Amino acid sequence: MRIKPLFFSGGAMNTTLTVKTTSKTEFIEITGDVQKAIQSDGIDDGVCLLFVPHTTAGITINESADPSVKSDILMVLNKMVPWKEAYRHLEGNSPAHIKSSIVGSSELIAVEGGRLKLGTWQGVFFCEFDGPRTRKVHIRLL
Amino acid sequence: MRIKPLFFSGGAMNTTLTVKTTSKTEFIEITGDVQKAIQSDGIDDGVCLLFVPHTTAGITINESADPSVKSDILMVLNKMVPWKEAYRHLEGNSPAHIKSSIVGSSELIAVEGGRLKLGTWQGVFFCEFDGPRTRKVHIRLL
Amino acid sequence: MRIKPLFFSGGAMNTTLTVKTTSKTEFIEITGDVQKAIQSDGIDDGVCLLFVPHTTAGITINESADPSVKSDILMVLNKMVPWKEAYRHLEGNSPAHIKSSIVGSSELIAVEGGRLKLGTWQGVFFCEFDGPRTRKVHIRLL
């Protein structure tokens, strides 16, 4: 994963992560990359907005200790939203758009002492619903 | 759609959009109205909170290019949450409350150079789940 | 419920609520506690981030007037996410993790004149999906 600083205005961090996904649907943990971006920016305290500028992907916070959790979440989302349905959108990726609206496009996390203030078991996951693709996550400090 | 400025405190934008919905369930794109509110306020840079003060509606970010996407999302949400169920809430609009909690009541979007920093295909949609009604979306700049 | 102030940096409120849940799955309204925390901090105007540092719980905004609404939302979430499935996570609480990602881990609410700027029918609910447990909600003013 590559971290590309975009610009810095008024001291506010403004960075974009690049995430390469390898499957049709996949959760990729980006906690470490977000943490690195914050540290390289010298941010000590604030609130961090993570924003996915895509309509067939999302972002979520969930357990990072056991990788089975992310595959269980994905399995149920993939069952909840039918692959075959009377979809009108002709690109064939309506299920991905729907999962994006269920999971959401952004997360907001406090930063304290230079670290993301997450719970013990929490990690941040980029949610690919129509991969494989090269994706972006905007990071902005408020 | 009507834009009604409420008050301005410490330079922070604080505005409310009025959205008139015409169907029981419906997604209405409000990207242009939010953009207009930001511009009329002269906001150049910041982060914009969009907040829906209703419990049977929501707000989401998804594809704005093809209107079929919003109807596909709505179709699946309407199938996922049963219209008939052993609901205890007597007003008959429990499905709308449930969809509201699934989709969420707010979105947070960066503003750069006076424009919402959305991805190429992204638009902002007001989600009516118990219309038709006259609804509000609060816009606040952080 | 107990309110424990953590620390105050640069005037920004930074507090944690403790929520004791008593059931496996349960919505507990915390609007009053959040309001109290804001008032005891003398916050007049701003935006308030509510963040749940757990991966088997969530937070949502929905109707507070009729308690049937929260039980209807919970009933449908509990049906949408199967209790028995080919889950790989061995702790047996995958359904809770999945509901957490559907409902979300945070809410962002404006504060005006010392009060949460919620709609007439809106309340804030802590969502327990794997209780009973003692839980936390971080409150931070932006």
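Here's a quick briefing on the fold of the chains, the way the copies are related, and the contacts between them.

The model is a predicted one. Chain A carries three helices and nine strands, and it superposes on chain C through a rotation of 120 degrees. Between those two chains, 25 residues of chain A meet 25 residues of chain C. Helix H3 of chain A is worth a look too, since 10 of its 10 residues are buried.

**Overall build of chain A**

- Going along the sequence, the elements of chain A come in the pattern β-β-β-α-β-β-α-α-β-β-β-β.
- Laid along the principal axes, the C-alpha atoms of chain A take up a box of roughly 50 × 30 × 20 Å.
- Buried residues make up 53% of the 142 in chain A.
- Take the contacts in chain A between residues at least 6 apart in sequence: 78% of them link residues at least 24 apart.

**The three-stranded sheet in chain A**

- One open sheet of chain A has three strands in the order E3-E8-E5, with antiparallel pairing.
- Strands E3 (26-29) and E5 (57-63) of chain A sit at the edges with a single partner strand each, so one side of each has no neighbour in the sheet.
- On average, and ignoring direction, neighbouring strands of this sheet are turned by 35 degrees against each other.
- Seven bridges hold the antiparallel pair made by E5(A) and strand E8 (residues 122-128) of chain A.
- To find your place in that pair, look for A:Asn62, which stands opposite A:Gly123 in E8(A).
- Helix H2 (residues 67-80) of chain A packs on the sheet and touches E3, E5 and E8 of chain A. The direction of H2(A) makes about 135 degrees with that of E5(A).

**Helix H3 of chain A**

- Helix H3 (residues 94-103) of chain A is largely enclosed by the rest of the structure, because 10 of its 10 residues are buried.
- The buried residues of H3(A) include A:His97 and A:Lys99, along with A:Ser94, A:Ser100 and A:Ser101.
- Also buried in H3(A) are A:Pro95, A:Ala96, A:Ile98, A:Ile102 and A:Val103.

**Strand E4, seen in chain C**

- Strand E4 (residues 45-51) of chain C is mostly covered, with six of its seven residues buried.
- E4(C) runs antiparallel to strand E6 (residues 106-112) of chain C, and seven bridges join the two.
- Within that pairing, C:Leu50 has C:Glu107 of E6(C) opposite it.
- E4(C) is also joined to strand E9 (residues 134-141) of chain C, by four bridges and again in the antiparallel sense.
- Here C:Leu49 has C:Arg140 in E9(C) as its bridge partner.

**How chains A and C are related**

- Chain A goes onto chain C with a rotation of 120 degrees, a shift of 0.0 Å along the axis and an RMSD of 0.0 Å.
- This is the relation of a three-fold axis.
- The residue of chain A that comes closest to the rotation axis is A:Ile102, whose C-alpha lies at 3.5 Å.
- The copies use different surfaces, and 20% of the contact residues of chain A recur in chain C.

**The contact between chains A and C**

- Each chain puts in a share of the contact: 25 residues from chain A and 25 residues from chain C.
- On the side of chain A that touches chain C, at least two residues each come from strand E4 (45-51), E5, H2, H3 and strand E6 (106-112) of chain A.
- H2(A) gives the most to this side, with seven residues.
- By class, this side of chain A has 13 nonpolar, seven polar and five charged residues.

**The contact between chains B and A**

- Chain B gives 25 residues to its contact with chain A, and chain A gives 25 residues.
- Elements of chain B that supply two or more residues to the side touching chain A are E4, E5, H2, H3 and E6.
- H2(B) makes up the largest share of that side, seven residues.
- The classes on this side of chain B are 13 nonpolar, seven polar and five charged residues.

Notes
Residues numbered from 1 in each chain as written. Chains lettered and ligands numbered in written order. Predicted model: local features only at pLDDT ≥ 70, side-chain atom pairs only at ≥ 80, totals over all residues. Pairing = 2+ DSSP bridges. Axes fitted to C-alpha atoms, helices over the stretch in contact; angles between N-to-C directions. Contact = placed C-beta atoms within 7 Å. Least-squares fit on C-alpha atoms with pLDDT ≥ 70 in both. Nonpolar A, V, L, I, M, F, W, Y, C, P; charged D, E, K, R; others polar. Buried ≥ 20, exposed ≤ 12 C-beta atoms within 10 Å, placed from the backbone.
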